[in-house]
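Student: I would like to go through some of the labels used for this structure. For each one, please set the value against the definition and then conclude.

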Amino acid sequence: MQTERFILSGFRSVGTDYESYVSYFEIASKLGGDDVEIELGYFYLNKFLRYFSDNYVSIFIVTSFINIFFFTIPLLKKSDKLLLSLSLLAYVSIYYFPAYNILRIYIAAGFTFYCIDYLLNRRYLLYILIIVIASFFHKSALIMFFPLICYWLYNYKVLLFYIFLLLALLTMYYIIDFFPMLGLNDRYIHYFEEIDKNSLGGLGILLFYIPLFVLIYYAIYKYPNDSVVKFSLVLVWASLVVMILGYWAQTLSRLYVYFAYPHLITVPFIIKRIDTIWVKYIFVLIFICYYIFRFYDYWSGAIFSDEILPYKSLLF
């Protein structure tokens with residue numbers, strides 16, 4: 001299955017930024033790092049590939065490999081502890097297809113997803129180093145310092161964690177108007193031109209989180225000292241804050257890809273550990289329906305939008 005995804009991703013010709021990525025590749029050999037506005041990691045990856053090929057397809061092959069490798073290798077390493085089929089369903093339904101469009105974010109998110117085990121094993125410096133490396137492919141990777149702080153607070157004192165979350169949401173509400181002044185280049189500034197803080201739509205995202213919260217708090221009750229469960233609780237709350245902010249500044253909703261861990265690891269991890277058969281299968285059914293709905297929701301919104309997807313129907 002991974003081979004088919006890699007071929008489809010690597011040899012595509014779709015995405016709203018597809019032509020921009022082609023252009024970056026074609027001019028990479030002629031420019032220096034000071035001449036471009038994209039992150040230096042991605043620029044020098046293009047420049048490196050130009051030593052071996054003049055065909056722009058090579059950049060899509062390499063980035064597709066990076067995306068699929070860093071998202072699926074952790075699943076395979078933990079395959080004996082997961083309902084692996086549920087993990088793959090979540091990956092395909094929620095995370096795979098958007099990678100056709102937000103390519104650089106997915107490279108960065110792949111690094112951050114891969115290094116979460118370092119955080120769980122308290123290898124904090126290595127975790128931080130990889131987050132910094134990921135930011136050279138997309139600056140948004142720095143968002144993963146947010147759950148790092150949250151996780152430390154949760155382990156120190158749970159009440160402080162919830163207070164910090166509330167303060168973070170309130171603070172972001174008031175400073176989001178100043179995002180365009182944070183030294184962002186013109187390519188990023190326009191993302192924040194239509195901020196709508198009067199939108200209450202963010203509250204609707206709570207509906208998407210109900211299955212996750214029910215399952216994770218059930219696991220917290222059953223396995224209160226499990227690091228995977230504790231970190232996933234923190235990550236779900238942190239991602240909820242980011243997604244609510246995404247209703248005020250829509251581009252922030254792209255950051256959801258950094259919070260893939262609960263769907264790809266935690267859900268199939270917890271469900272496999274449930275001993276009561278009927279409870280296990282109820283959760284399996286709920287999340288299968290949930291992922292199918294998320295797939296349909298994305299597909300219906302993107303299928304005719306700017307050639308984001310590799311094909312335009314489920315049949316072709």
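Student: Why is aspartate 226 called buried?
Tutor: Buried means under 20% relative accessible area, exposed means over 50%, and partly exposed lies in between (1.4 Å probe, protein chains only). Aspartate 226 has 16% relative accessibility, so the residue counts as buried. Before we go on: this is a predicted model, in which local features need pLDDT of at least 70 and side-chain atom pairs count only at pLDDT 80 or more, while totals for chains, interfaces and linings use all residues. Residues are numbered from 1 along each chain as its sequence is written, and side-chain values use heavy atoms, with hydrogens and water left out.

Student: What makes arginine 273 and aspartate 226 a salt bridge?
Tutor: A salt bridge is a side-chain nitrogen of Lys or Arg within 4 Å of a carboxyl oxygen of Asp or Glu. For arginine 273 and aspartate 226 the N to O distance is 2.6 Å, and the two side chains meet in a salt bridge. The pair links distant parts of the chain, 47 residues apart: arginine 273 is in helix H14, and aspartate 226 is in the loop between helix H12 (206–222) and helix H13 (227–246). Helices are DSSP runs (H or I, at least four residues), numbered from the N terminus.

Student: Which label does arginine 273 get, buried, partly exposed or exposed?
Tutor: Its relative accessible area is 28%, so arginine 273 is partly exposed.

Student: How do you know that the charged end of arginine 273 sits over a ring?
Tutor: The rule asks for NZ of Lys or CZ of Arg within 6 Å of the ring centre and within 35 degrees of the ring normal. The charged end of arginine 273 sits over the ring of tyrosine 223, 3.9 Å from its centre. Arginine 50 is placed likewise over the ring of phenylalanine 25, at 5.2 Å from the centre.

Student: Why are glutamate 39 and arginine 104 given their burial labels?
Tutor: Glutamate 39 has 4% relative accessibility, so it counts as buried. Arginine 104 has a relative accessible area of 6%, so it is buried.

Student: What makes the rings of phenylalanine 65 and phenylalanine 69 a stacked pair?
Tutor: Rings of Phe, Tyr and Trp (its six-membered ring) pair if their centres lie within 6.5 Å; planes under 30 degrees apart count as stacked, over 60 as edge-to-face and the rest as tilted. The count by this rule is 31 aromatic pairs. In phenylalanine 65 and phenylalanine 69 the centres are 5.6 Å apart and the planes are at 25°, so the pair is stacked. Both residues lie in helix H4 (residues 57–77), four residues apart, about one turn of the helix.

Student: Why is the pair of tyrosine 154 and phenylalanine 161 called edge-to-face?
Tutor: The ring centres are 5.4 Å apart and the planes are at 80°, so the pair is edge-to-face. Tyrosine 154 and phenylalanine 161 are both buried.

Student: How do you know that threonine 266 is buried?
Tutor: Threonine 266 has 1% relative accessibility and therefore counts as buried. The residue is in helix H14 (residues 261–273). Leaving aside neighbours within four places in sequence, threonine 266 is in contact (heavy atoms within 4.5 Å) with Ile216, Val228, Ser232 and Tyr261.

Student: What about leucine 120, why is that residue called buried?
Tutor: The relative accessible area of leucine 120 is 11%, so the residue is buried. Leucine 120 lies in helix H7 (residues 116–120).

Key
Helix = DSSP H or I, 4+ residues; strand = E, 2+ residues; numbered from the N terminus.
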